[in-house]
Amino acid sequence: MPRIHIVYCSTKRIAAPAPIGSYSREDVVFLLKDLSGISLERRTEEREAAMQSGGHYSESLPVEYRPTPEYIQLFHDTLRDSALTVARAVGTAAEMIVDKNGFDVVLASLARGGTPVGVLIKRYIKQVYGISLPHYSLSIIRGKGIDENALLYMHQNHPDKRVQFVDGWTGKGAIRKVLNAACANMKRKYGLAFDDDLAVLADPGYCADTFGTREDFLIPSACLNATVSGLISRTVLRSDLIGPEDFHGAKYYREWSNADLSNRFVDTISSCFDQVTESAKRAAEQIGMHPEERLVTWQGIKDIERIQSEFGIADINLIKPGVGETTRVLLRRVPWKILVDRLDNPNLKHILLLAKERGVPIEEYPSMAYSCCGIIKALKGESE
C-alpha cells in the first residue's frame, strides 16, 4: 500500500549570536547565549540533590575554580613535550576531513572540549591549503541532545555545505551516541541530513570515524577547563533562561582573562604544523588505504563494562577511561585505584607520579583499549 511521508521543514530564521569567548572570531564563532550575568554555580552537594530529585546537570554549573599551580605546571610540561604529537594528530584528522568532504564543509566543534581542536583543524587547513573554513562551536548535552537552533543557523548560512562535527577525544563514546540520535532527529523533524561522523584528535575508545590517532595520550587541553577553552563555561539548558529561538547558554568568564591559556595552546600547536604536514598526510593516506583501520568497534565501552564487572563497581560513571580523564581523577576527585595497560608506557609518566604523590594504588590491567583508567572511590552521592 502506498505511503505518504510528510517532512516538516523549518522556516524560522535564527538570529546571529552575540560575540562570546576569548578566541578571535576568525578562529571560531560560538553559537551560545551569553548567561554571564546570571548566578548559575551551585555547590556539588546542591547539584547532586537537584539531580536526584529529577533535575538535570545542564540546569546549573559547578563552581569552576581557577586552576591550581599544579594543574598549570602540568599543562605547560605536557604542551612542551607533546606539541609535535598533537600537531600531527590535528593534521591527520584535518587531512581525513578534506579527503572525505573536500573544502565544502563547515566545522562544528562541540563546546567546550572540542572547541580548541576545531580551532586547530581550521588553522591547519588554512595554513596548508589556503582555505578558511567556517567554524562554529555549539552545545551538545547528554540526556538532552544537540542545540537544534545552532544546526539550523549553520544550515541557514551555509545551505550547500556539509557539517563536520569535532570533539577532543573519546572515552566511553557517550557523546557520539547522543550525536547519532540528534542527527537522526534533525532528519525526522526538519528533513535536514547531517553526517554524524565525529572527528577527534584521539580515539582510544574506537567510537569515531575520523581521528588523528587511536593512541591514548594526554592532550594538554585536557588539563584545564575554561582557561583553555576560550573562557567558556559548560553549556546550560534551562527553560526559564533559554527560549525557543535561543541557542543553548554558557557563561563567559571575562574576569579570568589574565589566567587565560586558550590562545597560548592553539598558537603553540599551530607553530608546529610546518614540521608535521608531510607525516600527517602520509598517516591519513595510510588510513584511507586500509578502511578497516577506521572501523567503529566500540571496543572502549566493552572494556569498561568488563572492568565494571570484574571489580564489582556499581556505577559505570565511576570509571573514567583514558589518560585525560584519569589525570582529572587524580587532580580533582577521590581516586580508588588506577588501572594501567603497562607500567613502562611512556604516556603514563605523569599518571604514575601523581598516583605516587597521592598514595593511590596502581594496578596493571593490560587487556584494554586505553592506556589507563581512573576509578573513583564510591562515596555517598557520587554519581556525576
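**Close-up views of a predicted protein model**

**Figure 1. Surface of the predicted model.** The accessible surface of the protein comes to about 17,200 Å², and carbon and sulfur atoms hold 51% of that surface. The structure is a predicted model. Its C-alpha atoms fill a box of roughly 60 × 60 × 55 Å, taken along the principal axes. The mean positions of the 48 positive and 49 negative charges lie 3 Å apart.

**Figure 2. Overall fold.** The chain forms 10 helices and 15 strands. A compact globule of 384 residues would have a radius of gyration near 21 Å, and the protein agrees with this, at 20 Å. Of the 384 residues, 53% are buried. Among contacts between residues at least 6 apart in sequence, 79% join residues at least 24 apart.

**Figure 3. The largest nonpolar core.** This core holds 70 residues, and the members that touch the most others are Phe75, Val90, Ile121, Phe265 and Ile269. Helix α2 (residues 69-101) supplies the largest share of the core, 13 residues. A second, separate core has 34 residues, including Tyr136, Ile146, Phe247 and Ile287.

**Figure 4. Surroundings of Phe265.** Which residues is Phe265 in contact with, leaving aside its neighbours within four places in sequence? They are Phe75, Leu79, Pro116, Leu120, Pro220, Ser221 and Val228. One of these, Phe75, is also listed with Phe265 among the core members that touch the most others.

Figure 5. Thr115 is placed in helix α3, which covers residues 115-129. Is Thr115 buried or exposed? The relative accessible area of Thr115 is 0%, so this residue counts as buried, the cut-off being under 20%. Apart from residues up to four places away in sequence, Thr115 touches Tyr23, Val28, Phe30, Ser109, Leu110, His135 and Ser137. The C-alpha atoms of Thr115 and Val166 are 7.8 Å apart in space, while the two residues are 51 apart in sequence.

**Figure 6. Surroundings of Ile304.** Ile304 lies in helix α8 (residues 299-310). With a relative accessible area of 0%, Ile304 is therefore buried. Where residues up to four places away in sequence are not counted, Ile304 touches Lys172, Ile316, Ile319, Pro321, Tyr370 and Cys373. How far apart are the C-alpha atoms of Ile304 and Tyr370, and what is their separation along the chain? The C-alpha atoms are separated by 9.6 Å, and the residues are 66 apart along the chain. Tyr370 is one of the residues that Ile304 touches.

Notes
Residues numbered from 1 in each chain as written. Predicted model: local features only at pLDDT ≥ 70, side-chain atom pairs only at ≥ 80, totals over all residues. Heavy atoms only, no water. Helix = DSSP H or I, 4+ residues; strand = E, 2+ residues; numbered from the N terminus. Rg over C-alpha atoms; globule rule 2.2 N^0.38 Å. Buried < 20%, exposed > 50% of the residue type's maximum accessible area, 1.4 Å probe, protein only. Contact = heavy atoms within 4.5 Å. Areas by Shrake-Rupley, 256 points an atom, 1.4 Å probe, with all protein chains shown as cover. Lys, Arg positive; Asp, Glu negative; His and termini not counted. Charge placed at Lys NZ, Arg CZ, Asp CG, Glu CD. Core = buried A, V, L, I, M, F, W, Y, C linked by side-chain atoms within 4.5 Å.
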